[in-house]
Amino acid sequence: YQGIETGVGNTQYSGKVDLTSVQSGSSYTLTDGTRGGHKTYNLEHGSDGTGKLFSQDSDTWGDGKASNAATAAADAAYGAQETWDFYKKTFNRSGIKNDGVGAYSRVHYGNAYVNAFWDDNCFCMTYGDGAKDAAPLTSLDVAGHEMSHGVTSNTAGLEYSGESGGLNEATSDIFGTGVEFYAGNSTDVGDYLIGEKLDINGDGTPLRYMDKPSKDGGSADYWSADVGNKDVHYSSGVANHFFYLLAEGSGAKKINDVSYDSPTQDGSKVTGIGRDEALQIWYKALTTYFTSKTDYKAAREGTLKAAADLYGADSTEAKTVAAAWTAVNVS
Ligand code: ASN
Ligand code: ZN
Ligand code: CA
């Protein structure tokens, strides 16, 4: 017998999930035959090559604990699956290059490596095992963030420095968050925090906050002339804040039990248009109007054009795009 099977993943961060594998005789490989053939490999603490394709004689992957090598694989495969489905269902995009071809993922990179990264050259995702090899960087928002770097490379190509670098990073936070809300997993509901499951700071705080980016101690809430000199993970704050205001509006709000309080530069009040439309506007701007050199001023213009294309130049959506940029000091 040979065919595509629906198996089970016991993940570390998203509970028990369905995963697709390929069965051949009595053996299964962690290959997603329904989503461009995405495969998940074990680097076994190495740092180059492809590693070993996860393969076993049952289609239950991992046991929810980092000590089982297949657990990180289950999270990574789930992240790739949900990211694929998010782009397909939300934007009708078939994979990172929109050509129906799946990427591949590698887990257990290096030793206690506290990062994850997308690589355009191998067209692959890589995850470290995190602190003490026990907190792999495979949470859903991080998976969606990293693979969205591939989408940005294959569309606008935003240069990874200066203001365009901040926009590149924000695009990954925006769509990584989109993936998390899309999956709507019972143990992994959506939020506007990045990396909240990983505890990289060691004190329970997330890596980034989209409602008020400065809560991380480094990110910019508002545009300033020198914002492009900051690290791209900090200059991204302006666009993350813009997106939060556009989708959810200013002031205090609770979503899925998490409290947010989003300020504006001039004390103005912004009423959000909702996540779905905000995502459509960002994606259209990224894929139609943004280029490698887009800065914050050009991002305002690009998203205004995108909103006009989608909803009309005089629409509430277009007016809210303008108001949300003004609220983060981009005018
Ligand atoms: N995790 C980092 C990021 O996506 C790694 C990198 O490629 N800069 O921002
Ligand atoms: Zn990134
Ligand atoms: Ca999150």
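## Close-up views of helix packing, domains and ligand shell

**View 1. The crossing of helices α5 and α8 is right-handed.** The model shown here and in the views that follow is a predicted one. Helix α5 covers residues 237-248 and helix α8 covers residues 316-327, and their axes, which come within 9 Å, cross at roughly 140°. Because an angle counts as roughly antiparallel when it is over 145 degrees and as roughly perpendicular from 65 to 115, α5 and α8 are therefore described as oblique to each other. On the α5 side the contact is made by Phe 242, Leu 245 and Leu 246, and on the α8 side by Thr 320, Val 321, Ala 324, Trp 325 and Ala 327. Sorted by class, this contact of α5 with α8 comprises seven nonpolar residues and one polar residue, with no charged residues.

**View 2. Helices α1 and α2 pack at an angle of about 60°.** The axes of α2 and of helix α1, the latter formed by residues 69-91, lie 9 Å apart, and the crossing of these two helices is right-handed. As an angle must be under 35 degrees to count as roughly parallel, while roughly perpendicular begins at 65, α1 and α2 are therefore oblique to each other. From α1, the residues Ala 76, Gly 79, Ala 80, Glu 82, Thr 83 and Phe 86 meet Leu 140, Ala 143, Gly 144 and Met 147 of α2. The residues of this contact of α1 with α2 are divided by class into six nonpolar, three polar and one charged.

**View 3. Ligand 1 is shown with the residues around it.** These residues are Asn 115, Ala 116, Phe 117, Glu 146 and His 149. Strand β10, which spans 116-119, and helix α2, which spans 140-153, each supply at least two residues of the shell around ligand 1. The composition of that shell by class is two nonpolar, two polar and one charged.

**View 4. Domain 1 and domain 2 are shown where they are in contact.** In the domain assignment of the protein, domain 1 takes in residues 2-138 and domain 2 takes in residues 162-327. The centres of the two domains, taken over C-alpha atoms, are separated by 27 Å. Twelve residues of domain 1 are in contact with 14 residues of domain 2. On the side of domain 1 that touches domain 2, the residues divide into six nonpolar, five polar and one charged.

How values were computed. Residues are numbered from 1 along each chain as its sequence is written. Chains are lettered from A and ligands numbered from 1 in the order in which they are written. This is a predicted model: local features need pLDDT of at least 70, side-chain atom pairs count only at pLDDT 80 or more; totals for chains, interfaces and linings use all residues. A residue is near a molecule or strand if its C-beta atom, placed from the backbone, lies within 6 Å of it. Helices (H or I, at least four residues) and strands (E, at least two) are DSSP runs, numbered from the N terminus. Ala, Val, Leu, Ile, Met, Phe, Trp, Tyr, Cys and Pro count as nonpolar, Asp, Glu, Lys and Arg as charged, and the others, Gly among them, as polar. Domain bounds come from an automatic or database domain assignment. Two residues are in contact if their C-beta atoms, placed from the backbone, lie within 7 Å. Axes are lines fitted to C-alpha atoms, for helices over the stretch in contact, and angles run from 0 to 180 degrees between N-to-C directions. A crossing is left-handed if the near helix is turned anticlockwise from the far one by less than a right angle, and right-handed if clockwise.
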